[in-house]
Amino acid sequence: MAASRSRLLTSNRAGWAMAAPAFGLILLFIIVPFALAFGFSFTNQRLFSPNPTQWVGTANFEKLLGVAALTLEPERDASGAVALDDDGQPTYPRLRGYTRNNPDYPHLAGKQEWFSFGWGEDRVYVLASDVVFMKALRNTFLFVLVVAPLQGGLALLLALMVNQKLRGINFFRTVYFMPVVVSIVVVSLLWRFIYDGNNGLLNNVLSWLSFGAFTPVDWLGNPSTALPAIIAMSIWQAVGFHMVIWLAGLQSISPTLYEAANIEGASRLQTFRYVTWPGLRNTAVLVLIVITMQAFALFAQIDVMTKGGPLDSTQTMVFQAVERGYRKQDIAAGSVISVVLFLIVLTISLIQRHLTREKT
Amino acid sequence: MATVEGSNTTWDKAWRYGLLVLVAAIFIAPLLFMVMSSLKPDPQLLADTSNLRAFLPVGDVSFDNYVGAFQRAPVATFIFNSVFVTTLTVALSLFVCSLAAFSFVFLKWRGQGAALGIIIATLIVPFETIAIPMLIVVNNLPWVGMDGLTVGWLNSYRVQIVPFIADGLTIFLFVQFFKDLPRELIEACRVEGATWFQIYWRVVMPLSGPVVATAAILKFLYMYNQYLWPLMVTQAEGYRPVMVGLEYFRQLNPVWGELMAYLSVITVPVLAFYLVLQRAFISSIASTGVKG
């Protein structure tokens, strides 16, 4: 039987012929660009250039990721006491003296201040070759670290809500999922109006709820609120998607387990802790992986709402990759960012896969 | 179905419905605001944001903004482009990917394990990481068309369609579905002398309604809502889809009503489509979860 089955189904020619169109397209439009991204990241490739492309080794990566720390002592007056400026703050030597043509500090050449912090009397300056990219890196991680647990958690809450046995519950499922089918570009434009500093809906709602006590905020124009505003909107748009995945997980748990818990007299919380949650473990991993992947690709919201501003507070990796690779036509610079992004995503998905393997 | 047990007093129910309605309002309000605003002239639209009238079709209501939007930009062209590109890509994708999945599941051939492995591995490559080098690829591809052999695909329909025909997720969905079909049926057909393509087209595909719906919906949403790629490859307005067409409504001092009208025009049909087929939409998302 086994032999006849394999003879009946073996067909190298037909097998290849049927799989070839899909495989060829994936090869040309996913594998080749992917390999090119790695290749270009070691060159100075541009989209259109009169000069031949040159191999530059790891120079692009050094330019992108170079970071150094410099500890400076405060300036002292003749007596050796710390010199204070008009505001009573200690003053430090100018960074320019170290980063420009200083033969004693060749590794600092061309770097700029990213941030600094006090260390006793001294001040530690963290310098980066590419400060904008460092901010993009930080913002992207911040976005992922906030969005993944928050969106995953809220989606689970919504899934529990719409999993109740109530008349008309399907209506609520339908409504909660609605923003998922709306383009994130449309949502971003719409929410720019909601976040507006003057006539914005959000300011009006908040001032109405607080009986006028709330001072309007220009949500997207303020460096401290711009990224949180984009996070809130992104969750609003996508949370329904993950609610549905959780819901499928919830409904795959056998009703007999709930009956048993009910007979044992378990409270609602105990039922969730000992029946629902263990049954959702695989779903939880999937939801986290999917949200993490999507969050790292953050682009459209930024492009439509803030273009990375104000003060680089909403720069992200993909936005910078497009800005450099496409708008400045510097393919190599865009490719380096793509490669770094891919390595981060790969590392995280390997870690997540490893963690799940141990648990199951 | 598993459901949290609770006391079914009237209060308990009222509380539950209250919460459900409140959350529903958060999801509906922005979309309702979009549609209602599209019907109002700008001064009224802006004044209404300070009260509940923002969500009601009251005051000086008309379709003037829609007329204005169609005059401001070649909206009909954008819509045609989007519909054309999306429909063709979905159709080609369903065919090419299901054919490959059929070959992976029902046929045995040398190298199939490796080929399927490579395809599944591409699932962890975010499109955003290959978009930039893909520009180089499409810029160097030849094409034989009306005006003979040309090189470079920028500003065309094909550059928006061909790269998205085959994708790992669609193939994966079909592979999962085909695995549950009875192999004996395929073997019986083979014994009867049917060709592989006949078995695929006459036997397997007619049984594949659910997975076709799932794959079509996911691909449709992905293609229609695409932004980054068409933004990069369509400089000429003749080929631009609706999401890129938004540029026309985003000047420094936009006519808000027209912007809202345009957003409504490109969104409401999709929402209506979703509301009609909502069970299929929701179960298509759910099935990617259960099987992944």
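Predicted model: local features only at pLDDT ≥ 70, side-chain atom pairs only at ≥ 80, totals over all residues.
We can begin with the overall layout of chain A, which is divided into domain 1, spanning 68-128, and domain 2, spanning 132-359. Taken over C-alpha atoms, the centres of domain 1 of chain A and domain 2 of chain A are separated by 40 Å.

Strands come next. Chain A holds an open sheet of 3 strands in the order β1-β3-β2, with antiparallel pairing. Strands β1 (67-72) and β2 of chain A stand at the edges with a single partner strand each, so one side of each is left without a neighbour in the sheet. From one strand to the next, the twist averages 20 degrees. As a reminder for reading the side chains, those in a regular strand alternate between the two faces of the sheet.

The pairings can be followed residue by residue. Strands β1(A) and β3(A) run antiparallel and are joined by 6 bridges; here T71(A) has V124(A) in β3(A) as its bridge partner. Strand β2 (residues 112-119) of chain A is joined to strand β3 (residues 122-128) of chain A by 7 bridges, again with the two strands running antiparallel. Within this pairing, W119(A) has D122(A) in β3(A) as its bridge partner. Together β2(A) and β3(A) form a hairpin with 2 residues between them. In that turn, G120(A) has a positive phi of about 65 degrees.

Turning to helices, two packed helices are described by the angle between their axes and the distance between the axes. Helix α9 (residues 226-251) and helix α12 (residues 281-296), both of chain A, have axes that come within 10 Å and cross at roughly 160 degrees. Angles over 145 degrees count as roughly antiparallel, and α9(A) and α12(A) are therefore roughly antiparallel to each other. Their crossing is right-handed. On the α9(A) side, the meeting residues are A238(A), H242(A), I245(A), W246(A) and G249(A); on the α12(A) side they are T283(A), L286(A), V287(A), I291(A) and Q294(A).

In chain B, attention falls on L173(B), which is found in helix α8 (residues 168-179). L173(B) counts as buried because 23 C-beta neighbours lie inside 10 Å, where 20 or more are needed. Leaving aside residues up to four places away in sequence, L173(B) touches V211(B), T214(B) and A215(B). A further pair to look at is L173(B) and A216(B), which are 43 residues apart in sequence and 11 Å apart in space, C-alpha to C-alpha.

Technical notes. Residues numbered from 1 in each chain as written. Chains lettered and ligands numbered in written order. Domains from an automatic or database assignment. Helix = DSSP H or I, 4+ residues; strand = E, 2+ residues; numbered from the N terminus. Buried ≥ 20, exposed ≤ 12 C-beta atoms within 10 Å, placed from the backbone. Contact = placed C-beta atoms within 7 Å. Pairing = 2+ DSSP bridges. Axes fitted to C-alpha atoms, helices over the stretch in contact; angles between N-to-C directions. Parallel < 35°, antiparallel > 145°, perpendicular 65-115°, else oblique. Left-handed = near helix turned anticlockwise from the far one by under 90°.
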